[in-house]
Structures are given as C-alpha cells and as structure tokens.
Amino acid sequence: MTEANKVEKIEQNEKNEKSGKFKVSEVQEELSISWLRDKYEKQELTPQEVIAAIVQRSSDDAAMNIWITPPAMDIIQPYLDRLAEINLVDAPLWGIPFAIKDNIDLAGVPTTAGCAEYAYTPTEHSGVVERLIAAGAIPVGKTNLDQFATGLVGARSPYGDAHNALRPELISGGSSSGSAVSVARGQAAFSLGTDTAGSGRVPAALNRLVGYKPSLGAWPTKGVVPACASLDCVTVFAHSLNDALAVDGVVRGHHADDPWSRSVTRKAAKLPAKVFLPEGELGFYGPYASEYRAAWNNAVEKLKGLSVNLNIPVEYIDVTLFAEAAAILYEGPWVAERWAALGSFIEANPGIAYPVTEKILRSGSAAEYDAASVFHAMHKLQQFKLEARKLLKDAVLVMPTCGGTWTREQVLADPISTNRDMGRYTNHCNLLDLCGVAVPAGDAAPQTPFGITFFALAEEESLICGAAELFVAGAVDAELESAAEANAPRIAGSAADEVAVAAVPTTLVAVCGLHMRGYPLEKQMLGCGARFIREDETAAKYSLVKLPTTPAKPGLVKQQQGGAAILLEVWEMPLEAFGGFAAAIPAPLGIGKVELRDGTEVPGFVCEAYAAAGAEDVTALRTWRKVVPL
C-alpha cells in the first residue's frame, strides 16, 4: 500500500468512526470467538461493525488473492439481519464471521472449486455450513484454493496464487489457501477448509494457525465438491484450539443425507499413554530447510520436557508404514478416484483446467489403474491400517506438519516436486483413518512459522486434543526441566528409550464464583496448589442462580432444555489435594462434570436443582463477575 493510500485509508476510517458507521480501531486484527462474544455481550461492538471492518480489510488485501467471492455487504446482510431472530445466549456462534473454501456450498453463491467454467450456484447450504449458520455464524465469502483441491501449495489457481499471510513472497500452503490466509489476516474468526492429503493442515502451519482435521465422516461432506470422496474431510482453521473445538461442537454429527457420514464422538480431552516420534533423520527442504530442522528439534525437546513432567513415555518409532501408505495416494489407484469425480468435466472441456491440475487429474485415467490394481491397493492399505491401529492405540504420533516451505516463484517454476515435498508428513492421515490437529510450534525464521501435527486413531480425538492443548500451553517450568535433566539423563534416544519420571498427577477444575481470580476463595485454590489455566464457558445448557447465603454464592445448574453459556475459569489442581477440596464443599454445591462449550467435560462446581427454586435467577448476566462485581 502506498503512503497516499495509507493516508486515504486513515482519513476514511476517521470519517467512518465519526459517522458511527463502524469502529475500525476497536476490531482487533486477530479475531476469536471468545473476544467477539465478549464485545457483543458488553455491547461494545456489533456484528455489523465487525463485518464492515472485514469488508475493508479484504479490499485492502485484494492483491493477496485470498478470495474468489470476497466479503460484500449484499451477500452478508441477510445473515446479519437474521441475528435479530436469534438469542445470543442460545447461539454459540452468534455473530461470528467465518470464511468458506470455494469447494463447499453456500446457498445462492457460486461454487467454483477454483474453475470458473465448472461453477454452479447451489440452492442449499452444505451440511457443515447449514449447521454453522443455525448456530448464528455469519458466512462472509468464498475463498481461493488450489483448483479442485488438488495441491498443497496454494499456487494452482486461475484466480491467482494466494500469498502467505506473514511473508507474501512465500507460499500460503494449499489447497485451502485462502481459508487459512483469511483467518490469519483478520478477515474471519475461523474458516472452513477441506483435507484429503493435508490441505487442512499445511496452510495452518505456514500461516501460524491451528488446523483441526476430524475423523473421516465425523463432519458431513454433503455439499462439498469431491476430490477423493472416500477420503475427503471438512476442516477448520482458527487462532486457537479452543475456537476450533467450538466449531467442532456445532458441526460434528451424523448427517442423514450424507452417504459418507458416520457417528464419531469426540470425548473429553485427555493425555495419551505414549507419544511417538519418527526415528532417524527427517527430510527437510526449501530455502529454510536448516531452520525448519532446528525448529523441529526444539519442538521435540519441548515434547520431551512435557513427558517428564507428566510421566508420559516418548518413543522413537519406524514410520515406514506411514510413508508407504502415503505413497498409495498419488502413486496408486486412489488418483483414479479424482478422475472418477472430475474426469467427465475435463474430457468435455480440454485445456480449461489449470495445466498442472489437469495433468494430475488425467493421470488417474492411466490404463494401469484397472479394477485389479484398486483391489490390490485396498488390501495393502487394509494391512497398513491394522498395523497403525495396533501401534497407535492410546498413543499419539507427532510429526512436522511441513518439512519446509518455498517461495511462490519456486513453486511456479517447479510445481510437481515442490508440491510433493509439502505432503511428506501429511498424506498418510486420511488413508489410515486417523484424526489430526496441526498447531504452531514457534517460528523457523522471522515471520516464517513452523508447526507440528498430532495424529491419533479415529475414535481417539480426545488424545490429540489433550496433547495439543498441553503443548501449546507449554506447561513446563524451568525447575521441572532442571529436575528432568538431573533425574532422567537418558531421554528417548531410540525406540527402547522412554521417559518415565514420576510427576504429580493433576485434574482440571471449573470454577464459576468465589473461587475465581480476585474473589475471596481464590486463596483456597492456591492453597491446594492449583494454578489458573484459562477463561472458558459452559455449553449453552446451564442456568446460573444467586443462592441466598452469606456471602452470596453461585449455583450452576444443567438444564434438560434451553439454558445459556456461563463464563467460568478452568484451573489445574493436584489430585492429592482434590479429594479434600471437594469434600469440604457445603451443600447444595458439589463437584460434578461441567460440559464446556467445545463439548468436553471437566470436574467443576455444580448445584443441586432443588436449591434453584428459592434462588435468584441471574442466567442473563452469564457471569458471576456481573452478579457480584469485584
């Protein structure tokens, strides 16, 4: 942006603010669900003002090729108007702006899959979008992608190669390129991507985001242009795991009209029994290969420190089976599944598709991919799945999300091999029916993010959530690291090496009143050795009452129908202190399982229902801090 343009933008913002059109300065760059809800509840911002800021930001970033259908008020306004009919308390994503990869249907807006000649205008929302809108979320536009979701670089689109959010000369990652960049650039609080070979994880790593890839079928793929229908997943990009799981809590579940849908429950986050790392030297690539290697080594040391603290063994394992499974995706007959989905269009429109995309799709029509080859590959893959299930039971596997990155010029000059490298640590995931979450792990170089991915079996998403949450929190202090060095000099140097140093077991505790920070009973939490973890909120299923005691105490009561999301704090307490702490709580209060907004359950303060009858209902205030301010 030129200096003249900057001055013009500032002057326009000042005019807008004076006129009350929108509060540009109050819409922070990093949008999150919790921040937006807090602003809405306090009436410090409106969704209209947030959307106006997003429209302006997308216009400012137009040269970055983020959007195919960019944010525009004429498309968004009906969804804003609909908010008047929805209670903020009852809608977990009320007024939350999100972006949609342009191979996922939004009713009334063209779906291009990155190819204008392929475009169609759907009359209904995709399964995931429908659920998000029902929860109050606001779709803001359709994002750029590697054409037909075929690529991991973000540079295979006739709508332009999407720029990295932090360093425009680098690739954004793909195929969900625009989806990731839109979140990183403050143009959505979260976004939808798709993932067949890593498209929901690679762009997360390259743009310093969380990329959550649920188990196959856990989120509906109805209304998604297929790449490999048997392997496709819808995914989410966000700035935090909490936000990603809040989205998961809304969209997860069987869809009656989706043939690939299945019921996969995500249980409460918990830690794995083991953490596996790839043995031997890993391959790194691109202009920052050495920096990526150093960043991976740093992440490994952090994982080892966490394992010492929590008595979780770390083992190095042979990952050949994962590499062999990954090879089946593009070097075996699964590429024919892409041709089955799109071959008739390509045959009818030769030369229309992006050149490298058409070349890859046409490779799926090779004579070698006959019926027998498909069954040979299926049987081989089934054996790999069996081996993976035995190996990963109750465990997580951690790998770099990417082993490097490239400049956009390098990818355009060598589109095949650069793209192949980007999938080195991602391609195996869906073939082996694994879930995965990509999280930031520091920067490899200035403004050049590095990330790692936690993998687990499909029914064990709780393990990747628990492990990733712990890693991101970095819950290891210097004293524990020093103790680890003194007490465990032999840390996981081979497959036989395990970290097994005794540590104090803990539990999470949700508190919603006098035990919160700043209130009189915070000292009880500290006296039990507890430490504050985060602010959070319950699922929208609770009422909050003010009990007629001295001093007044809150009562949190779960409702069979209705209810609201109540703000609370999550603490971590040593288990040895938890029993005595719980036993001292006077009736009608007690400790039970509190369901959080992301669907997980943690021990926390609850109230027996009979006590609510004679108490003041303060649910509308949603937090004890408004009932009894400090």
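## Sheet architecture and helix packing

In this predicted model, an open sheet is built from 11 strands in the order E1-E3-E2-E4-E6-E5-E10-E11-E9-E7-E8, and its pairing is mixed. From one strand to the next, the twist averages 30°.

Strands of a sheet pair through backbone hydrogen bonds, either parallel or antiparallel. Strands E7 (residues 274-278) and E9 (residues 395-400) run parallel and are joined by 3 bridges. Lys274 stands opposite Ala395 in E9. Helix H9 (residues 289-310) packs on the sheet, where it touches E7, E8, E9, strand E10 (434-445) and strand E11 (448-457). The direction of H9 makes about 50° with that of E11.

A further packing arrangement involves helices H5 and H8. Two packed helices are described by the angle between their axes and the distance between the axes. The axes of H5 (residues 127-134) and H8 (residues 241-251) come within 9 Å and cross at roughly 105°. Because angles of 65 to 115 degrees count as roughly perpendicular, H5 and H8 are therefore roughly perpendicular to each other. The residues that make this contact are listed by helix below.

| Helix | Residue range | Contact residues |
|---|---|---|
| H5 | residues 127-134 | Val128, Arg131, Leu132 |
| H8 | residues 241-251 | Val247, Val250, Val251 |

By class, the residues of the contact of H5 with H8 comprise 5 nonpolar, no polar and 1 charged.

Technical notes: Residues numbered from 1 in each chain as written. Predicted model: local features only at pLDDT ≥ 70, side-chain atom pairs only at ≥ 80, totals over all residues. Heavy atoms only, no water. Axes fitted to C-alpha atoms, helices over the stretch in contact; angles between N-to-C directions. Helix = DSSP H or I, 4+ residues; strand = E, 2+ residues; numbered from the N terminus. Parallel < 35°, antiparallel > 145°, perpendicular 65-115°, else oblique. Contact = heavy atoms within 4.5 Å. Nonpolar A, V, L, I, M, F, W, Y, C, P; charged D, E, K, R; others polar. Pairing = 2+ DSSP bridges.
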